[in-house]
Amino acid sequence: MGNQSNSLTRLALQKFKKNFWGVFSLGIIICIGLVSVFAYLFAPDASKNANQMHLSIHSKPPGFEVRMLTLPSSIESEQGFLSKLFFGSDNTDTEIPIQSYTVKDDKLSYVEYASDGLQGIEKQINLDRFPNSDYKPFIENRSFGFGTDKYGRDYLSRILIGSRISFFIGFIAVFISLIVGLLMGSLAGYYGGKVDAVIMWIINVTWSIPTLLLVIAITLALGKGFWQVFIAVGLTMWVEVARVVRGQIISAKEMQYVTAARALGYTDYRIITKHILPNIFGPLIVISAANFAAAILIESGLSFLGIGAQPPMASWGAMIKDHYNYIILGKPYLALIPGVCIMLLVMAFMLVGNALRDALDVKT
């Protein structure tokens, strides 16, 4: 039995590997997953939430370069390596975009960057502000790959760190929806009768409420925040899982292997978990992939409405909200870049779901 199971798994993997778009999409998902986990390692601005604002260089185009003066702070950070790696560094230094600088009589004179070709304000600081009066390591040319947002923050860093919410909400929401949906759908499909009637009534009531409205209600009840959105999205997506599981179990419980399991005296729990559910994994995987995509879109919609992840936390949906009016102001890339990222991730999950459905189809 074990060898047969392994051979079927091997056949499914071989079929999946032959699906170019499925493998390609899985590669995209893995890449985005790694980027989201180690976002601060890849982000040019590794401060918390990539929230270093420079209003003088706001809304600059991709590839923009400027000279940046960093004024070191006397406050020492006691942050650990892992905290910096996963949550960003507590940046206490002051960064100032400058146009030019000169050094004379132990003083550093610099002209602050001014947009629209205007002359910036000239200021002076003592060289003893820098360690050993060495100012050179604190002046560098900085490049912004995706330009800057309307607050002058590095847009590439915000995109990389914003991938965390969109990526992880899929996993957490699908996990919650699978637990609730499998439980409710299994009970309704296997036992039928009054149990089925009560659960179907709950499903139909939940189904009748618009998803976004239900998420908003749960979010307002739990409060605004990171985890609240994850839980709210998960609690609204179990209905589809429950309906699919119920339908599959109603047809599967009449099969001969279930009748044989009952005759052998197996418990209902064992029959459902060991015999029925493994045989309906195909549709579950497809709907889970679709729920991944739906969760990402719902979170983006919530962030766009302002009740998702709260500022200054980076989120692709919130970035579209902040910059959608720039579409008609001649800088559409500020809204298009996070939009394309959302589209790419959703499309990847859908294609992987389709490839897995084909690979796990026992009829072929």
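Is Ala 50 buried or exposed? Select Ala 50 and have a look before you read on. Ala 50 counts as buried, since its relative accessibility is 0%. Keep in mind throughout that this is a predicted model.

**Stop 1**

You'll find Ala 50 in the loop that runs between helix 3 and strand 1 (64–71). Its phi is near 50°, a positive value although the residue is not a glycine. Most residues other than glycine have a negative phi.

Now jump to Asp 106, where phi is near 60°, again positive in a residue other than glycine. Asp 106 sits in the loop between strand 2 and strand 3 (107–112). Is Asp 106 buried or exposed? With a relative accessible area of 61%, Asp 106 is exposed.

**Stop 1: a cis peptide bond**

Next, select Pro 311 and Pro 312. The peptide bond from Pro 311 to Pro 312 is cis, and its omega is near 5°. Most peptide bonds are trans. As for where you are in the chain, Pro 312 belongs to the loop between helix 12 (281–305) and helix 13.

**Stop 2: salt bridges**

How many salt bridges does the count come to? The count is seven. Start with Glu 95 and Arg 142, whose side chains meet in a salt bridge at 3.0 Å, N to O. Glu 95 is in strand 2 and Arg 142 is in strand 5 (residues 139–144), so this pair ties together parts that are 47 residues apart in sequence. Glu 95 counts as buried, at 15% relative accessibility.

Move on to Arg 153 and Asp 149, which form a salt bridge at 2.9 Å, N to O. Both Arg 153 and Asp 149 are buried. While Arg 153 is selected, pick Asp 93 too: the two are 60 residues apart in sequence, and their C-alpha atoms are 15 Å apart in space. Asp 93 lies in the loop between helix 4 and strand 2 (94–104), and at 28% relative accessibility it counts as partly exposed.

One more bridge to click on joins the side chains of Arg 357 and Asp 358, at 3.4 Å, N to O. Arg 357 is partly exposed, with a relative accessible area of 40%, and Asp 358 is partly exposed as well, with 36%.

**Stop 3: aromatic rings**

Show the aromatic side chains next. The structure holds 15 aromatic pairs. In one of them, the rings of Phe 20 and Trp 21 have centres 5.1 Å apart and planes at 75°, so the pair is edge-to-face. Phe 20 is exposed, its relative accessible area being 54%.

For another pair, select Phe 38 and Phe 86. Their ring centres are 6.1 Å apart and their planes meet at 35°, so this pair is tilted. Phe 38 lies in the loop between helix 2 (20–37) and helix 3 (39–42), while Phe 86 is in helix 4 (residues 81–87), so the pair ties together parts 48 residues apart in sequence. Phe 38 is partly exposed at 29% relative accessible area, and Phe 86 is partly exposed at 27%.

Then pick Phe 167, Phe 168, Phe 171, Phe 292 and Phe 349, which form one aromatic cluster.

**Stop 4: an annotated stretch and a surface patch**

Over residues 163–353 the chain is 81% helix and 0% strand, with the end C-alpha atoms 20 Å apart.

Zoom in on Tyr 324, in the loop between helix 13 (316–323) and helix 14 (333–359). Tyr 324 counts as partly exposed, at 47% relative accessibility.

**Stop 5: two cysteines**

Finish with Cys 31 and Cys 341. How many disulfides does the structure hold? It holds zero. The closest cysteine sulfur to that of Cys 31 is in Cys 341, and at 13 Å it is too far for a bond. Cys 341 itself is buried, with a relative accessible area of 18%.

Conventions
Residues are numbered from 1 along each chain as its sequence is written. This is a predicted model: local features need pLDDT of at least 70, side-chain atom pairs count only at pLDDT 80 or more; totals for chains, interfaces and linings use all residues. Side-chain values use heavy atoms; hydrogens and water are left out. A disulfide is a pair of cysteine sulfur atoms within 2.5 Å. Buried means under 20% relative accessible area, exposed over 50%, partly exposed in between (1.4 Å probe, protein chains only). Helices (H or I, at least four residues) and strands (E, at least two) are DSSP runs, numbered from the N terminus. Rings of Phe, Tyr and Trp (its six-membered ring) pair if their centres lie within 6.5 Å; planes under 30 degrees apart count as stacked, over 60 as edge-to-face and the rest as tilted. A salt bridge is a side-chain nitrogen of Lys or Arg within 4 Å of a carboxyl oxygen of Asp or Glu.
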